Amino acid sequence: MAEQSIWMQKVAADPDHSTWFIERFRSMARAGDDLAGEARLVDALVPRRARILDAGCGSGRVGGALAEAGHDVVGVDVDPALIEAAEQDHPGPRWLVGDLAELDLPAQGIDTPFDAVVCAGNVMPFLAPSTRREVLRRFRAHLAPDGRAAVGFGAGRDYEFGEFFADAAAAGLEPDLLLSTWDLRPFRDDSNFLVALLRPA
């Protein structure tokens, strides 16, 4: 069994943490905030009616927006409370509780590869450090040969960008394009956020 994620350690320490997270994004949605920036980028990467895996989908805002754009979306998150919220707020995609370090969708009857994997919202730093490389390997295993993974997270979260690049390479993924935001600003050495578009090596 994989090491427990940092996210679930937070939930264990504070049982209200998931509820806070869910309500935070529901409140932002009610206020009309733009919550679909990641989805717009991923939508531009893929053909119409693409198969997309939302890895670490949280309460479903990214996968939900992609489903509304006409894509076939499967969302996976380790937190059952977040999956329940995704089912309530964004009906349509298939939402599954699961640990990304043990991701094996073919074993659940989902055996068609994905055109894209999106991993937004600082999911990577919330993983247990010992599982990060394995999670990227599983992203690679679920991608179609010409598919791409879009992974975004911020600096200062105990996962250096250089370490991420090394993990991605070991997992069989190589950079296609590096950005510093989901709205296509270029990545620089001093960027405090990374959006890495990765392809199978």
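Trainee: Which residue is the bridge partner of Ile52 in strand 4?

Mentor: Start with the term. Strands (E, at least two residues) and helices (H or I, at least four) are DSSP runs, numbered from the N terminus. Two strands pair if DSSP finds at least two bridges between them. Here, Ile52 has Ala116 in strand 4 as its bridge partner. Strand 1 and strand 4 (residues 114-119) pair in the parallel sense, over three bridges.

Trainee: How far can I trust such details?

Mentor: This is a predicted model, where local features need pLDDT of at least 70 and side-chain atom pairs count only at pLDDT 80 or more, while totals for chains, interfaces and linings use all residues. Residues are numbered from 1 along each chain as its sequence is written, and side-chain values use heavy atoms, with hydrogens and water left out.

Trainee: How many bridges join strand 1 to strand 2?

Mentor: Five bridges join them, and strand 2 (residues 72-77) runs parallel to strand 1. Arg51 stands opposite Asp72 in strand 2. Between the two strands the chain passes through helix 4 (residues 61-68), and this β-α-β crossover is right-handed. That term has a test: with the strands pointing away from the viewer, the path from the first strand over the helix to the second runs clockwise.

Trainee: Which way do the side chains of strand 1 point?

Mentor: In a regular strand, side chains alternate between the two faces of the sheet. In strand 1, Arg51, Leu53 and Ala55 point one way, and Ile52 and Asp54 the other way.

Trainee: Is strand 1 mostly covered or exposed, and what do those words mean?

Mentor: Buried means under 20% relative accessible area, exposed over 50%, and partly exposed in between (1.4 Å probe, protein chains only). Strand 1 (residues 51-55) is mostly covered, with five of its five residues buried.

Trainee: Where is Thr131 found?

Mentor: Thr131 is found in the loop between helix 6 (123-126) and helix 7 (132-142). Thr131 is buried, at 7% relative accessible area. Contact means heavy atoms within 4.5 Å. Leaving aside neighbours within four places in sequence, Thr131 is in contact with Ala2, Glu3 and Ala101.

Trainee: How many salt bridges does the structure hold?

Mentor: First the rule. A salt bridge is a side-chain nitrogen of Lys or Arg within 4 Å of a carboxyl oxygen of Asp or Glu. The structure holds 14. In one of them, Arg133 meets Asp167 (2.9 Å, N to O). Arg133 lies in helix 7 and Asp167 in helix 8 (residues 161-170), so the pair ties together parts 34 residues apart in sequence. Asp167 is buried at 7% relative accessibility, while Arg133 is partly exposed at 42%.

Trainee: Which side chains meet Glu134 in salt bridges?

Mentor: Arg137 meets Glu134 (2.7 Å, N to O). Arg138 meets Glu134 too (2.7 Å, N to O). Arg137 is three residues from Glu134 in helix 7, so about one helical turn separates them. Arg138 is four residues from Glu134 in helix 7, and the separation is again about one helical turn. Glu134 is partly exposed at 26% relative accessibility, as is Arg137 at 40%. Arg138 counts as buried at 19%.

Trainee: Which residues are linked in a network of salt bridges?

Mentor: Arg148, Glu174, Asp176 and Arg199 are linked in one.
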